[in-house]
Amino acid sequence: MATTDENPQGHGAALSEPPSSRRDERRSHDRFPVEWAVDCVAEDTFLYAAITNISAMGIFVKTTDPLPVGTRTVLSFAPPGYEPFKLEGEVAWINALRANGDNPNPGIGVRFVNLHPDDRERLVEVIRTIAYVREPV
């Protein structure tokens, strides 16, 4: 049974894990705002969208046409100045577009899965660079 809880975007969302494990994961991995194009390819779906934040554990993909929770997808994105990534992910939660328009940030939280150690190392390098560049002086 899915539960509803706050997601990292600050809106309620359908979730598939116990709330305590999600909160622990979010606290241990900082998220950084970005604006990168991403291709999400699932079994029979191709979604061209935008990443609006990233952490070592996953990304938030802004979209008004979310993939269902649990959907496995291949994520292709290229941070500026880095080699492109092609990573596997799984939709962890949805921040659905609401008919009354009170949701300015619809999309999906995608958790990275089956990361190869080399990809993890490159990803952490990108995130450290983002963190360093944005650190207040």
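Q: How many of the residues of strand 7 are buried?
A: Please note at the outset that the model is predicted. Burial is judged from relative accessible area, with buried meaning under 20%. In strand 7, nine of the eleven residues are buried, and the strand is mostly covered.

Q: Which strands pair with strand 7, and in which sense?
A: Pairing is read from the bridges between two strands. Strand 6 pairs with strand 7 in the antiparallel sense over six bridges. Strand 8, residues 107-113, also runs antiparallel to strand 7, and seven bridges join the two.

Q: What are the bridge partners of glutamate 88?
A: Glutamate 88, in strand 7, is the bridge partner of valine 74. In strand 8, its bridge partner is valine 113.

Q: How many aromatic pairs are found, and how is such a pair described?
A: A pair of aromatic rings is described by the distance of the centres and the angle of the planes. A search of the whole structure finds three aromatic pairs. In one of them, the ring centres of tryptophan 36 and phenylalanine 77 are 6.1 Å apart and the planes stand at 10°, so this pair is stacked.

Q: Where in the chain do tryptophan 36 and phenylalanine 77 lie?
A: Tryptophan 36 belongs to strand 3 (residues 32-41) and phenylalanine 77 to strand 6; the pair links distant parts of the chain, 41 residues apart.

Q: Is phenylalanine 77 buried or exposed?
A: Phenylalanine 77 has a relative accessible area of 3% and is therefore buried. Tryptophan 36, at 10% relative accessibility, also counts as buried.

Q: Why is the pair of phenylalanine 77 and phenylalanine 85 classed as it is?
A: Planes under 30 degrees apart count as stacked. The planes of phenylalanine 77 and phenylalanine 85 are at 20°, with the ring centres 5.3 Å apart, so the pair is stacked. Phenylalanine 85 is buried, as is phenylalanine 77.

Q: Which residues does phenylalanine 77 contact?
A: Neighbours within four places in sequence are left aside here. The contacts of phenylalanine 77 are Trp36, Ala37, Val38, Ile51, Ile54, Pro84, Phe85, Leu87 and Phe112.

Q: How many residues does the largest nonpolar core have?
A: A core of this kind is traced through the side chains of buried nonpolar residues. The largest one has 27 residues, and Val38, Ile54, Ile59 and Phe77 have the most contacts inside it. Among the elements that give two or more residues to this core are strand 4 (46-54) and helix 2 (117-134). Strand 3 gives the most, with five residues.

Q: Where does the charged end of arginine 122 sit?
A: The charged end of arginine 122 sits over the ring of phenylalanine 85, 4.0 Å from the ring centre. Arginine 122 and glutamate 83 are 39 residues apart in sequence, while their C-alpha atoms are 9.0 Å apart in space.

Q: Is glutamate 83 buried or exposed?
A: Glutamate 83 is exposed, with a relative accessible area of 58%. This residue lies in the loop between strand 6 (72-77) and strand 7 (85-95).

Q: What of threonine 63: is it buried or exposed?
A: Threonine 63 is buried, at a relative accessible area of 10%, and is placed in the loop between strand 5 (58-62) and strand 6. A polar atom of its side chain lies 3.0 Å from the backbone nitrogen of aspartate 65.

Technical notes: Residues are numbered from 1 along each chain as its sequence is written. This is a predicted model: local features need pLDDT of at least 70, side-chain atom pairs count only at pLDDT 80 or more; totals for chains, interfaces and linings use all residues. Side-chain values use heavy atoms; hydrogens and water are left out. Helices (H or I, at least four residues) and strands (E, at least two) are DSSP runs, numbered from the N terminus. Buried means under 20% relative accessible area, exposed over 50%, partly exposed in between (1.4 Å probe, protein chains only). Rings of Phe, Tyr and Trp (its six-membered ring) pair if their centres lie within 6.5 Å; planes under 30 degrees apart count as stacked, over 60 as edge-to-face and the rest as tilted. A charge sits over a ring if NZ of Lys or CZ of Arg is within 6 Å of the ring centre and within 35 degrees of the ring normal. A polar contact is a pair of N or O atoms within 3.5 Å; within protein, one must be able to donate a hydrogen and the other to accept it, and residues adjacent in sequence count only if both atoms are side-chain atoms. A nonpolar core is a set of buried Ala, Val, Leu, Ile, Met, Phe, Trp, Tyr and Cys residues joined through side-chain atoms within 4.5 Å. Contact means heavy atoms within 4.5 Å.
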